[in-house]
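Please read the following walk through this protein with the sequence and the model side by side. The paragraphs move from a metal site to the strands and then to a loop.

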Amino acid sequence: MKLLSIFSVLLFFITTISAQEYPKGVQKLINAYPNFDITYDGTYIILKDGLKFIYDDRIKKFGELLLNKPSISDMFQSEYPKNVNNYIPPRNSDPGRIRNEDLMKAIYGSNSLEVQKNLVTITWCPKLVGSKIKITKINNVHLQLQKISEELDKHPELQKYLQGATSFNWRIIKGTNRLSTHSFGTSIDLNVKFSNYWQWDCKCTNEDVDLKYKNQLPKLIVKIFEKHGFIWGGKWYHYDTMHFEYRPELLI
Ligand SMILES: [Zn+2]
């Protein structure tokens with residue numbers, strides 16, 4: 001009995017030490033997605049159902065390659081500037097725009113039908129808007145969006161930005177072969193009338209382009225979304241100021 005307890009104390013220390021040595025990104029994923037019981041064996045991220053993904057493929061990537069074939073570690077390449085006001089993203093800094101699609105599919109569903117099984121409908125800002133939007137219940141994203149909606153609903157001055165919000169849509173991003181995160185039911189776009197999108201301005205889909213940052217969205221909206229695990233596309237060099245997506249791993 002005594003030997004057994006010494007052994008369990010030892011085991012506890014061994015696992016604690018190795019957890020501390022995990023790359024920061026691995027630790028962030030473990031903390032951000034507790035329902036998936038993520039583990040790491042030094043090479044692979046392993047989800048509770050046994051699906052494995054290489055964490056770091058050690059290939060240096062830029063531009064299109066980084067967007068199209070990122071390993072999971074690449075998702076943490078640029079730090080997301082949380083709670084930073086009047087932020088102008090440096091050239092080609094798109095924190096959160098880099099996503100490993102295989103991991104997203106494993107978490108939220110690998111096709112439209114699988115994703116739709118997990119969607120729930122919420123009433124978006126009942127007092128100010130009152131429209132119905134669909135959002136995934138995986139990782140309790142719907143509960144987070146519900147909190148955001150309740151908080152925004154207390155600000156009538158924000159009404160015009162909140163109208164016309166859209167969410168789930170299984171689709172490819174224009175000019176690419178990549179799925180939009182709207183495909184996974186984790187993202188919401190606010191009113192396009194008060195939004196800026198880099199492709200509208202350059203009238204191109206070429207990533208390597210000179211852009212002049214634009215935004216019309218009030219800081220308070222961004223602050224409320226970030227508080228509940230959503231990042232904002234207005235913090236990307238390739239700005240998309242209507243866009244918010246659930247990416248808690250970038251906010252912890
Ligand atoms: Zn969007």
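Are His182 and Asp189 buried or exposed? In this predicted model, both His182 and Asp189 are buried. They belong to the zinc site, where the protein donors are His182 through NE2, Asp189 through OD and His243 through ND1, lying 2.0 Å from the ion. Along the chain, the donors of the zinc ion follow the spacing H-x6-D-x53-H.

The next feature is an open sheet, in which three strands are arranged in the order 6-8-7 with antiparallel pairing. Strand 6 (187–189) and strand 7 (230–232) stand at the edges, and because each has a single partner strand, one side of each is left without a neighbour in the sheet. From one strand to the next, the twist averages 20°. Strand 7 is joined to strand 8 (residues 243–246) by three bridges, the two running antiparallel, and Phe230 stands opposite Tyr246 in strand 8. Helix 6 packs on this sheet, touching strand 6, strand 7 and strand 8, and its direction makes about 65° with that of strand 7.

The loop between strand 5 and helix 6 (141–152) contains Asn140, which is partly exposed, with a relative accessible area of 35%. Asn140 and Asn35 are 105 residues apart in sequence, and their C-alpha atoms are 9.6 Å apart in space.

Technical notes:
Residues are numbered from 1 along each chain as its sequence is written. This is a predicted model: local features need pLDDT of at least 70, side-chain atom pairs count only at pLDDT 80 or more; totals for chains, interfaces and linings use all residues. Side-chain values use heavy atoms; hydrogens and water are left out. Helices (H or I, at least four residues) and strands (E, at least two) are DSSP runs, numbered from the N terminus. Buried means under 20% relative accessible area, exposed over 50%, partly exposed in between (1.4 Å probe, protein chains only). Donors are N, O and S atoms within 2.8 Å of the metal (3.2 Å for Na, K and Ca); water is not among the atoms, so sites may look incomplete. Two strands pair if DSSP finds at least two bridges between them. Axes are lines fitted to C-alpha atoms, for helices over the stretch in contact, and angles run from 0 to 180 degrees between N-to-C directions. Contact means heavy atoms within 4.5 Å.
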